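Student: Can we go through this one together? I'd like to start with the contacts and then see where the talk goes.

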Amino acid sequence: MMLLRDTIIDRLINRNLVWSIAALLCYRCAQASVTSPVYVLALGCVEMTTMHLFVIGRYILAETDSTVVWRRLRRCGFVAAAATVVMLLAGMMAQDNGRPADLSAHGPAAIFGIAYAAPLAVSMVVFLLSGIHELRSGDLSAKMRVVCWILGISGGFVASNQAADPERP
């Protein structure tokens with residue numbers, strides 16, 4: 001596709017980049033409301049990118065053959081698509097109630113938040129564990145170790161700021 005296609009990880013990264021571009025295009029075209037259909041499609045594209053990271057992480061933790069990887073990617077794609085449909089439906093229910101789903105604490109908002117956050121959290125934990133596995137393996141050069149640590153620290157910083165932000169509901 002875009003970059004390399006020699007290994008399974010190369011192909012997964014290429015697909016991940018395509019989903020990332022799709023997410024950016026959807027965000028660019030979306031309205032300000034989190035529950036607008038185009039915005040939810042952008043969130044669905046983000047779900048797909050994290051599902052690709054999940055599959056990459058699982059492959060790193062337990063190298064399997066390509067059929068298992070592509071089967072796992074299909075299943076993860078189904079999870080991301082299902083989460084997107086749930087977010088679309090919950091967003092429509094929230095709009096019917098006249099409340100924005102991102103600023104309220106009622107049923108559709110909770111469903112919307114869980115449908116978005118649960119697959120992301122699982123994917124990121126698996127990807128984090130695979131990164132720790134790679135750091136402990138000793139196969140990385142000094143430059144790659146520095147990059148891994150910088151990515152880990154910056155990811156932790158972003159996660160802690162998101163969790164501790166007083167402006168978030």
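Tutor: Ile8 touches Tyr59, Ser66 and Val69, leaving aside residues up to four places away in sequence; contact means heavy atoms within 4.5 Å. This is a predicted model, where local features need pLDDT of at least 70, side-chain atom pairs count only at pLDDT 80 or more, and totals for chains, interfaces and linings use all residues. Residues are numbered from 1 along each chain as its sequence is written, and side-chain values use heavy atoms, with hydrogens and water left out.

Student: Which residues touch the most other members in the largest nonpolar core?

Tutor: Ile8, Leu12, Phe54, Val55, Val69, Leu73 and Cys76, out of 15 residues in that core. A nonpolar core is a set of buried Ala, Val, Leu, Ile, Met, Phe, Trp, Tyr and Cys residues joined through side-chain atoms within 4.5 Å. Buried means under 20% relative accessible area, exposed over 50%, and partly exposed in between (1.4 Å probe, protein chains only).

Student: Which helix gives the most to this core?

Tutor: α2, with 7 residues. At least two residues come from each of α1, α2 and α3 (66-96). Helices here are DSSP runs (H or I, at least four residues), numbered from the N terminus. A second, separate core has 7 residues, including Val40, Leu43, Met87 and Phe112.

Student: Changing topic: how many aromatic pairs does the structure hold?

Tutor: It holds 1 aromatic pair. The ring centres of Tyr27 and Tyr39 are 5.3 Å apart with the planes at 70°, so the pair is edge-to-face. Rings of Phe, Tyr and Trp (its six-membered ring) pair if their centres lie within 6.5 Å; planes under 30 degrees apart count as stacked, over 60 as edge-to-face and the rest as tilted.

Student: What does the pair tie together?

Tutor: Tyr27 is in helix α1 (residues 8-29) and Tyr39 in helix α2, so the pair ties together parts that are 12 residues apart in sequence. Tyr27 is partly exposed at 31% relative accessibility, and Tyr39 is partly exposed at 22%.

Student: And Thr49, buried or exposed?

Tutor: Buried, because its relative accessible area is 11%. Thr49 sits in helix α2 (residues 37-61). Its contacts, not counting residues up to four places away in sequence, are Asn16, Trp19 and Ser20.

Student: Where is Ile132 found?

Tutor: In helix α4. Ile132 is partly exposed, with a relative accessible area of 34%.
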